[in-house]
Amino acid sequence: MVSGDLLGRELHRTTFATPASAFDVFAAIGAALRVHESHLRGRQPLWAGLAVGGLYDEQRGALDHPRLGWCEAPVDALFRAIVPTPYTVVPYVEAVAEVEYRRFESAFRRRPESWLYLCAEESISMAWLVDGLARSSADDIESFCVALEPGSGDDTDPSPNRAVLLGRAVALVRDVVNPDVVTVGGEALTRHGSDREDVSDGYRQRSSYHDVPLRFSEPDDDLRSAAALGAASRVMYVDPIGAMQAR
């Protein structure tokens with residue numbers, strides 16, 4: 001749990017153990033929030049953001065998260081019960097991708113019209129941004145990796161490793177959306193040089209186009225915090241008048 005100001009600067013962070021069930025998770029969030037608020041006396045919260053994995057249905061306010069065993073978890077109702085401010089629910093990979101997009105824009109002093117971001121952590125997620133805003137995302141593209149190279153089952157012809165399959169999956173999605181920039185981030189496959197080389201090899205093997213090179217984000221332990229703040233402040237930048245009227 002992270003709070004910050006409108007400039008994206010972190011003010012305070014609170015951590016807690018994650019329970020298994022959705023109801024217990026939000027009870028823990030509520031308890032942590034009370035502790036967290038005690039460190040922010042004199043400040044008025046404007047908006048809250050919840051960055052979630054899994055498949056979030058905005059119309060129903062429900063979340064399916066197979067890896068956690070959640071099916072139609074009522075995250076909207078649970079979050080609304082503990083948070084006193086308006087809030088936004090954002091897919092985790094979109095929140096991370098928007099942070100990476102702004103960092104790229106700041107470092108290279110240009111604004112890509114289309115950006116494809118892959119986040120390799122416990123699972124492999126992707127987000128496609130156009131003009132800095134997410135247009136689509138998917139929480140888990142592991143099935144792409146399996147389908148691309150199922151393997152023959154013959155020990156003399158082993159399947160490529162997971163990093164190569166990831167590179168091929170990235171190439172497949174890149175050929176579909178045709179972005180200006182392709183970036184792979186996350187900790188699972190990108191912190192080590194050998195894994196990066198395997199991802200790059202898979203990307204070169206499968207992509208039909210070679211005009212967009214593959215980039216890797218640098219490891220950053222504060223990325224999750226920045227993503228959480230981005231989820232909370234997104235509406236304040238996209239629609240500031242509407243955000244203030246909603247309060």
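Predicted model: local features only at pLDDT ≥ 70, side-chain atom pairs only at ≥ 80, totals over all residues.
How many aromatic pairs does the count come to? Four, by the rule that rings of Phe, Tyr and Trp (its six-membered ring) pair if their centres lie within 6.5 Å. Planes under 30 degrees apart count as stacked, over 60 as edge-to-face and the rest as tilted.

Residues are numbered from 1 along each chain as its sequence is written, and side-chain values use heavy atoms, with hydrogens and water left out.

Okay, rings. Y101 and W115 sit edge-to-face, 5.6 Å centre to centre with 75° between the planes. Y101 is in helix α3 (residues 92-108) and W115 in strand β8, so this pair ties together parts 14 residues apart in sequence. Helices (H or I, at least four residues) and strands (E, at least two) are DSSP runs, numbered from the N terminus. W115 is buried at 1% relative accessible area, and Y101 is buried at 2%. Buried means under 20%, exposed over 50%, partly exposed in between, with a 1.4 Å probe and protein chains only.

W115 has another partner: the rings of F104 and W115 have centres 5.3 Å apart and planes at 70°, so that pair is edge-to-face too. F104, also in α3, counts as buried at 4%. Elsewhere, ring pairs link F26, F79 and Y87 into a cluster.

F79 brings us to helix α2 (residues 75-82), whose buried residues are V75, D76, L78 and F79.

Now, where does β8 sit? In an open, mixed sheet of five strands, ordered β10-β9-β8-β11-β12. Two strands pair if DSSP finds at least two bridges between them. The edges are β10 (133-138) and β12 (214-216), each pairing on one side only. β8 (residues 114-120) runs parallel to β11 (residues 181-185) over five bridges, and Y117 has T183 as its bridge partner there. Helix α5 (residues 162-177) packs on the sheet, touching β8, β9 (124-130), β11 and β12, and its direction makes about 160° with that of β8. Contact means heavy atoms within 4.5 Å; axes are lines fitted to C-alpha atoms, for helices over the stretch in contact, with angles from 0 to 180 degrees between N-to-C directions.
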